[in-house]
Amino acid sequence: GGGTWPWIGVNNSRYRGSKWTIWEGGVKVPAFVWGAGIVQGVSNQLFHITDWLPTLAKIARVKPKLELDGVNQMDVLYGYAEEPTRTDLILELDPCYKQAAYITNDYKLIVGDPSPRPYD
């Protein structure tokens, strides 16, 4: 089941962990996008915050002058993608708490203690 951490005001019910953790409950967030041509429904694709800039630039037909870190996810939003456009994602690289998390396809690697440490 999901984590309930009343001392930080979170109940994410179906996911393990909460904010301040590298479990799914701490890193998965709901989002919605609405617009002409965007497919209605739920997507389980990996989508990182850095993906928004290249995606919105592509939709707006703007070519960035610099190489961007994110992945263009326009095909996911418009329902054209048959395969995931992003297959891996670094969730955390924290040298202070000596923890890291990385997702690739259906696997997640956690290194170090994933316990929450919001006020250390």
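Residues are numbered from 1 along each chain as its sequence is written, and side-chain values use heavy atoms, with hydrogens and water left out.

**Confidence**

- The protein chain has an average pLDDT (the predictor's confidence in each residue, from 0 to 100) of 82, and 83% of the residues score at least 70.
- Confidence in the protein chain is highest in α2, at 94, and lowest in strand β1 (residues 4-5), at a mean of 50.
- Where pLDDT is low, the predicted coordinates should not be read in detail.

- Q73 is located in the loop between α2 (52-59) and α3 (74-77); helices (H or I, at least four residues) and strands (E, at least two) are DSSP runs, numbered from the N terminus.
- With a relative accessible area of 0%, Q73 is buried (buried means under 20% relative accessible area, exposed over 50%, partly exposed in between, with a 1.4 Å probe and protein chains only).
- Leaving aside residues up to four places away in sequence, Q73 is in contact (heavy atoms within 4.5 Å) with L46, F47, D51, T55, T85 and R86.

**The sheet**

- An open sheet is formed by three strands in the order β3-β4-β5, with antiparallel pairing; two strands pair if DSSP finds at least two bridges between them.
- Its edge strands, β3 and β5, each pair on one side only.
- On average, neighbouring strands of this sheet are turned by 5° against each other, direction ignored; axes are lines fitted to C-alpha atoms.
- Five bridges link β4 and β5 in the antiparallel sense, and A101 stands opposite I110 in β5.

**Loop residues with positive phi**

- K98, a residue other than glycine, has a positive phi near 50°.
- K98 lies in the loop between β3 (88-94) and β4 (99-104), and counts as exposed because its relative accessibility is 66%.
- N105, also a residue other than glycine, has a positive phi near 50°.
- The loop between β4 and β5 (107-111) holds N105, which is exposed at a relative accessible area of 52%.

Definitions and conventions: This is a predicted model: local features need pLDDT of at least 70, side-chain atom pairs count only at pLDDT 80 or more; totals for chains, interfaces and linings use all residues. Axes are lines fitted to C-alpha atoms, for helices over the stretch in contact, and angles run from 0 to 180 degrees between N-to-C directions.
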